[in-house]
Amino acid sequence: MRISRILLSCVIAIASFVVVDVQPAQAFCGFYVAKADTSLYSQASQVVIARNGQRTILTMANDYQGAPKDFALVVPVPVILKANQVNVGDSSIIDRLDGFSAPRLVEYEDGNPCRQMRRRNEVFPTALSADSVAVPAEAQAEKLGVTVEETFSVGEYDIVILSAQESDGLETWLRQNNYQIPSGASKLLKPYIRQGLKFFVAKVNLGAYADTGFQSLRPLQIAFESPRFMLPIRLGTLNAQGEQDLLVYILSPQGQATLTNYRTVKIPSNVNIPEFVEGEFKVFYTSLFETAYAKEDREAAFLEYAWDMSNCDPCSAEPLSPDELRQAGVFWIDRPQGLGNRVFISRIHVRYTRDRFPEDLQFQETGNQELFQGRYVIRHPYRGSADCPQARRYQQQVRERQEQEAQTLAQLTGWDLDSIRRKINFLAPAAASSVDWWRPVWRQQHSVPTHSPQRQPLNWWQRLWSQ
């Protein structure tokens, strides 16, 4: 069997609370028009960590491509898991979290400059089984320094929980039991053994999988208690090709989560970009992320979203219901309504390689409830008729704004500035005033010299024309 590429890279441990000042957040009003979800990435794994105190429910999404018989998952875990600590989840819940927290494009429309400018402020509403499974003879495992701690089945998965004394012995055991792990596994397994971690090993039970009627493998969920708050990613680099995208959705009653052993930076956000990006948003965000990633020397994780899950502004998807949150692993909302039901989401995007992210991810919860989102703004100029002194000034301001949008887009994406300008529908200069040609002459005729000691009152039509 072949070990799944990234699901090797998922698991746990936590940290102490850090209380910081909470900054007020400005509401984002506008029309949501597009989002940058995981469909942007050909290879992106997703992990949901619901954490409160030392209790954690970890949901591991599955991006495995291949025959179910070739699937295998090996995850370092901090404790020996029992059958009732493992569950098969619903993939749609992870899709909901992705849609709710994805970077989004919003748009505004300028009003007629000859009228009072008004900003549009509408929001687009947007059962467990303990059946035993076959395991090798205990004597064989013991000889290799491997202990089979637990064996059980959950849904379409056969689960084995292992502990090991030596990484070479563990690698040999896996190979002898038809886990065709990549070369070099022993070296990466050794640090986990040294830390006293156990190993959660899952295969697909083909008969049970056929009975489910599902076309793809469902996510696995594990519940445990541990002071650690970590996510092992090193095993996921064994048979990975190139850079890997990992999206971590951390759900907490406290506030934002952040990495402690790598920098966590906010994705560039809240900038005006040209109108044509509406039709190229996925390409735009992919380029923006790659540019930001390179700017940080490929050694930082990016915060793409941080928000109280009871609301959103603008909403790229409806907030999750209490039932959906529970399906995502949120275990503290069963209590009566109150502060104990708060759920704060942090969406952290990590693009990693073995050389740039040599350490597993270490997280901490904080009390920081500052709201943040990857948000990109399109402002549509007013292109209707306008006949007033403000029109020319407005149109000049829009052309200057469009030029600034072009330069901003070039800086964010690395795209060629001249190519960007060619795609922009620059606002045309103001048309000549529709005032009758003779009015300026009459206005001059009837004007009163400034040195005149007495001004003659203007006739009613003169007052009209002089306006």
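1. Phe-284, Ser-287, Leu-288 and Thr-291 of helix 6 meet Leu-409, Gln-411, Leu-412 and Thr-413 of helix 8. By class, the residues of this contact between helix 6 and helix 8 come out as 4 nonpolar, 4 polar and no charged.

2. Helix 8 deserves a paragraph of its own. With 25 residues, helix 8 spans 37 Å from its first C-alpha to its last, close to the 36 Å expected at 1.5 Å a residue. Just after helix 8 comes Gly-414, with a positive phi of about 80°.

3. Strand 14 is joined by 3 bridges to strand 19 (residues 361-365), and the two run antiparallel. Within this region, Leu-259 stands opposite Phe-363 of strand 19.

4. Two backbone details are worth a look while you have the model open. Most residues other than glycine have a negative phi, and most peptide bonds are trans. Asn-270 has a positive phi, near 60°, though it is not a glycine; Asn-270 sits in the loop between strand 15 (263-266) and strand 16 (271-272). The peptide bond from Asp-313 to Pro-314 is cis, with omega near -5°. Pro-314 belongs to the loop between strand 17 (300-308) and helix 7 (322-327).

5. Finally, a word on confidence. How many residues reach a pLDDT of 70 or more? The share is 76%, and the mean pLDDT of the chain is 80. Over residues 1-30 the pLDDT is below 50, and this stretch has 140 contacts in the model beyond near neighbours in sequence. Residues 116-137 also stay under 50, with 49 contacts beyond four places in sequence. Where pLDDT is low, the predicted coordinates should not be read in detail.

Definitions and conventions: Residues numbered from 1 in each chain as written. Predicted model: local features only at pLDDT ≥ 70, side-chain atom pairs only at ≥ 80, totals over all residues. Heavy atoms only, no water. Pairing = 2+ DSSP bridges. Helix = DSSP H or I, 4+ residues; strand = E, 2+ residues; numbered from the N terminus. Contact = heavy atoms within 4.5 Å. Nonpolar A, V, L, I, M, F, W, Y, C, P; charged D, E, K, R; others polar. Expected span 1.5 Å × (residues − 1). pLDDT = per-residue confidence, 0-100.
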